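Colleague: Could you go through this model with me? I'd like to start with the cavity and move on from there.

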Amino acid sequence: MIGDLPKKAAFKATRLTQTTFKIVEYNDIYSEHPFIYAKLFPALLLLLDTGCGGATNDPDVDLRQLRLFLETHPVDENSGEPLNKAGTKKYVVVCSHCHFDHILGVEQFSSDSLILASSHSPSFLSSKNIGKHSLCERLGILTPAYTPTLIDHLSYIAHVGVDTGMQVLHTPGHTPDELALWDETERMLYVGDTLYEWSPIIFPPQGSIVDWFASVDMLIRLVKRVQSMEPHGSLVKINSGHDTSMGDALNVLTASRSFINDVIGGKEKVKKKQEIQGVTIVYYERNDRRFSLRCPESLVEDARQKLHF
Ligand SMILES: [Zn+2]
């Protein structure tokens, strides 16, 4: 019977740990291929980001809603069960930042779930600015309607009586509202778009490389402290919003910092320069291509000036 055939979904879920899954929107029309993370508790599902809203290049895909995927789609690595079968678990949705490729699915949760975003710069997320800062206006797509609860640096996430043990870290840089999550129990760090490997680290005009260094230095200190307290424990893992997951956190953080430091210090040469809508965009790429950077030239100049390179 055709009605019983499993649907083809715009998402693929794989298990990372006992409680955590990575969900990839693998063929979206924006070529962003965002990573969404789901951490499962008995009565709660913590979702980090919501992807591009299911718009896919694949005409055979007939399951485009992230929430429907979570509640109905069998996941092999979850014993063939959906991650939140029949929607019995409540949701807390954390937005790593407001770029479109992380928030286009958020409306599916906005009426009955807790939606969290960084309290670092409320005006950046205001209803007046969100269309511009999410990049939805530039792409000519509707900005999702949602009103996040703003959460402070170092807060722990709890909802419906479940203490998730997940700590919020404000990590401005990529955007003012960028945040990271620290899962002490599983020694995992989730860094959104702050950094990743093998595709360009991007800064929009509202980003700041100066702030980025401060945020990355904070994350490096955290990982070093955790690993020094338990030197024979497992290494802290890093999970990004694209491309990198289950990486060695200290290695990925220090190596990407050193690449951006080489850019600001003039050791990396500009590979490409172009004018886009009146903004000069520069592109740098390390020879082995593990790290690259695309951002307005003004952000590089600003960092050189303020960091005294
Ligand atoms: Zn982004």
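Colleague: Which element gives the largest share of the lining of the largest cavity?
Modeller: That is S3, which contributes three residues; strands here are DSSP runs of E with at least two residues, helices are runs of H or I with at least four, and both are numbered from the N terminus. This is a predicted model, in which local features need pLDDT of at least 70 and side-chain atom pairs count only at pLDDT 80 or more, while totals for chains, interfaces and linings use all residues. Residues are numbered from 1 along each chain as its sequence is written, and side-chain values use heavy atoms, with hydrogens and water left out.

Colleague: Which residues line the largest cavity, and what is its volume?
Modeller: The lining consists of Thr20, Tyr37, Ala38, Lys39, Leu46, Leu48, Met166, Leu181 and Tyr190, and S3 and strand S4 (44-48) are the elements that give two or more residues to it. The volume is about 40 Å³. On a 1 Å grid over the protein atoms alone, a cavity is a set of points where a 1.4 Å probe fits but cannot get out, a pocket is an open set with protein on both sides within 12 Å along at least five of seven lines, and lining residues have an atom within 4 Å of a point. Grid points are joined across faces, edges and corners, and the volume is the space filled by probe spheres set on the points.

Colleague: What stands opposite Thr20?
Modeller: Thr20 faces Lys39 in S3, where strand S2 (residues 20-25) and strand S3 (residues 35-40) pair in the antiparallel sense over five bridges; strands count as paired if DSSP finds at least two bridges between them.

Colleague: And Leu46, what is opposite that one?
Modeller: Leu46 stands opposite Val92 in S5, with S4 and S5 paired in the parallel sense over five bridges. Four of the five residues of strand S5 (residues 90-94) are buried, so S5 is largely enclosed by the rest of the structure; buried means under 20% relative accessible area, exposed over 50%, and partly exposed in between, with a 1.4 Å probe and protein chains only.

Colleague: In what order do the seven strands run in their open sheet?
Modeller: The order is S1-S2-S3-S4-S5-S6-S7, with mixed pairing. Strand S1 (11-15) and strand S7 (149-151) are at the edges with a single partner strand each, so one side of each has no neighbour in the sheet. From one strand to the next the twist averages 25 degrees, where axes are lines fitted to C-alpha atoms, for helices over the stretch in contact, and angles run from 0 to 180 degrees between N-to-C directions.

Colleague: Changing topic, is Arg67 buried or exposed?
Modeller: Arg67, in helix H1 (residues 66-72), counts as buried because its relative accessibility is 16%. Its side chain makes a polar contact with the side chain of Asp112 at 2.8 Å, a polar contact being a pair of N or O atoms within 3.5 Å; within protein, one must be able to donate a hydrogen and the other to accept it, and residues adjacent in sequence count only if both atoms are side-chain atoms.

Colleague: Last one, which residues lie nearest the centre of the largest pocket?
Modeller: Leu135, Arg138, Ile202, Pro204 and Arg294 do, out of 34 lining residues, and the pocket has a volume of about 920 Å³.
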